[in-house]
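Thanks for making the time this morning.

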Amino acid sequence: MSANSSIWHFLDSGDGEAAWNMAVDEALLEAVADLRGPVLRFYSWSTPAATFGYFQKYADVGQMTALRPLIRRPTGGGLVPHKNDWTYSVAIPPAHEWYQLTAVASYQRMHEWLRAAFAALNVSTELAPCCQPEGPGQCFLGAEKFDLLWHGRKIAGAAQRRNKLGLLIQGSVQPQPEGASRAQWENAMREVAGAQHLAKNWKILTPDFAQHRAEELAGQKYRQTEYNQKR
């Protein structure tokens, strides 16, 4: 574990259009090594949209939903509708011990963190012990191992991308469990991280962090039909 592994950065970027939201996450992945500590980001959606996994075929996912825009994520996974979901991302630098975990272990750790945050709000959830596939290619139909369940129904899933720059995790909570507000959940996520010694110190990033790079990525990539329909 690196000497700075307990220092985390926090970014609340508020509402954004789909292409912008994906661009900010990729900009965080590019910047996280220089930050020398992971980033937890919360964000929401200014208009309804859907995102889909980097390796999925546009023609396939386009038939699964009428939601538009339909934006290709920088991470894998399946189709995810967005409107009022609680969306977050975590960017991990290569020097952090989390980066060394297998994809399965990383997925489990992320959802254990969510489970503990809901437990702090007296909301009981559990990690799926195995698979309950119902909708191939659609993230919130059925459940994969270590997805987060509430009353037996999947409420949280995530997708990952690991490269030499770091590890990016993008996750969504939907539908939201009764007994917790978004603000309470976001606070619990940070408090649980401190209690579990995952993040001892938080440094706040301003909403305009990496804005220039995100604007480039949004305009040159995520708003481009060629990119979204490239496979």
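What follows is a short walk through some backbone features, with their places in the chain.

Please keep in mind that this is a predicted model, in which local features need pLDDT of at least 70, side-chain atom pairs count only at pLDDT 80 or more, and totals for chains, interfaces and linings use all residues. Residues are numbered from 1 along each chain as its sequence is written, and side-chain values use heavy atoms, with hydrogens and water left out.

As background, most peptide bonds are trans, and most residues other than glycine have a negative phi.

Let me begin with the peptide bonds. Arg68 and Pro69 are joined by a cis peptide bond, with omega about 5°, and Pro69 sits in the loop between helix 2 (58-62) and strand 4 (70-72); helices here are DSSP runs of H or I with at least four residues, strands are runs of E with at least two, and both are numbered from the N terminus. The bond from Gln174 to Pro175 is also cis, with omega near -10°, and Pro175 belongs to the loop between strand 12 (166-173) and helix 4 (182-195).

Now to phi. Arg36, although not a glycine, has a positive phi of about 60°, and its place is the loop between helix 1 (18-35) and strand 2 (39-45). Arg36 counts as exposed, at 57% relative accessibility, where exposed means over 50% relative accessible area, with a 1.4 Å probe and protein chains only. Asn122 has a positive phi near 65°, lies in the loop between helix 3 (103-120) and strand 7 (126-127), and is exposed, with a relative accessible area of 77%.

Definitions and conventions: Buried < 20%, exposed > 50% of the residue type's maximum accessible area, 1.4 Å probe, protein only.
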